[in-house]
Amino acid sequence: MTRPRNVLAEGDAAAWPASTLSDHRPYRAIEPIFQLVYTSTFAPGRITSARTALDTITATSRERNIAAAVSGCLIFDGQTFVHILEGPVRSVQVVFNRIRRDRRHRALVFIGSRASDRRSFTDRPLLGILQPGVFAEAGLSEDLESRKLRGETALALAERLATTGEPVS
């Protein structure tokens, strides 16, 4: 079996805050980067506030993502999630399977995945962005409803929001 050519350069790992790198070997290792995109609909349950839901999800997920060497961005408009996960392929698969079992998500739709030569969200294990109307403003409402959203479109939106959006934390 040959190793994929797309690898995380050693210098990219330094972009993670020191506190997340201290005892986590996976961030220091040179491993292929795998990006996965999915959408889902929020299932309120006990938590009905969009901000509280996103705060809860990101707080829990950050701890797990650090341990799994996974980073990403979770965009939430109050009803729909678009989530980009990135990291070693096995770690991303494990995280995605855990999310699939999470009762806060329903109507989960896998959008796509790809190998990448770099992480798009190296600054945090999970960037959470709450922006009501974000998908409509970006002209993506119809794509989300018809399940035609492309992974590249979702990733481009997430990268733009990561630099201009209003992260929860």
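Biologist: What order do the elements run in from the N terminus on?

Modeller: Going from the N terminus, you get α-α-α-β-α-β-β-α-β-β-α-α-α. Keep in mind that this is a predicted model.

Biologist: And how many helices and strands does the protein have?

Modeller: Eight helices and five strands.

Biologist: OK, the sheet. What's the strand order?

Modeller: It's an open sheet of five strands, ordered β4-β1-β3-β2-β5, and the pairing is mixed.

Biologist: Which strands stand at the edges?

Modeller: β4 and β5 (127–130). Each has a single partner strand, so one side of each has no neighbour in the sheet.

Biologist: How much are neighbouring strands turned against each other?

Modeller: On average by 10 degrees, ignoring direction.

Biologist: Back to β5. How many bridges join β2 to β5, and do they run parallel or antiparallel?

Modeller: Four bridges, and the two strands run parallel; β2 covers residues 71–76. For a specific pair, look at I75, whose bridge partner in β5 is I129.

Biologist: What does α4 touch on the sheet?

Modeller: α4 packs on the sheet and touches β1, β2, β3 (80–87) and β5. The direction of α4 makes about 175 degrees with that of β5.

Biologist: How do the lining residues of the largest pocket divide by class?

Modeller: Five are nonpolar, seven polar and four charged.

Biologist: And the second largest pocket, what volume does that have?

Modeller: About 180 Å³. Of its 14 lining residues, S61, R64, R98, I99 and D102 are the closest to the centre.

Biologist: Which elements give two or more residues there?

Modeller: α4 (50–68) and α5 (89–100).

Biologist: Last topic, the whole chain. What percentage of the residues count as buried?

Modeller: 46% of the 169 residues.

Biologist: And for contacts between residues at least 6 apart in sequence, what share joins residues at least 24 apart?

Modeller: That share is 78%.

Definitions and conventions. Residues numbered from 1 in each chain as written. Predicted model: local features only at pLDDT ≥ 70, side-chain atom pairs only at ≥ 80, totals over all residues. Heavy atoms only, no water. Nonpolar A, V, L, I, M, F, W, Y, C, P; charged D, E, K, R; others polar. 1 Å grid on protein atoms, 1.4 Å probe; cavity = no way out; pocket = protein on both sides within 12 Å on 5 of 7 lines; lining within 4 Å. Points joined across faces, edges and corners; volume = space filled by probe spheres on them. Pairing = 2+ DSSP bridges. Axes fitted to C-alpha atoms, helices over the stretch in contact; angles between N-to-C directions. Contact = heavy atoms within 4.5 Å. Buried < 20%, exposed > 50% of the residue type's maximum accessible area, 1.4 Å probe, protein only.
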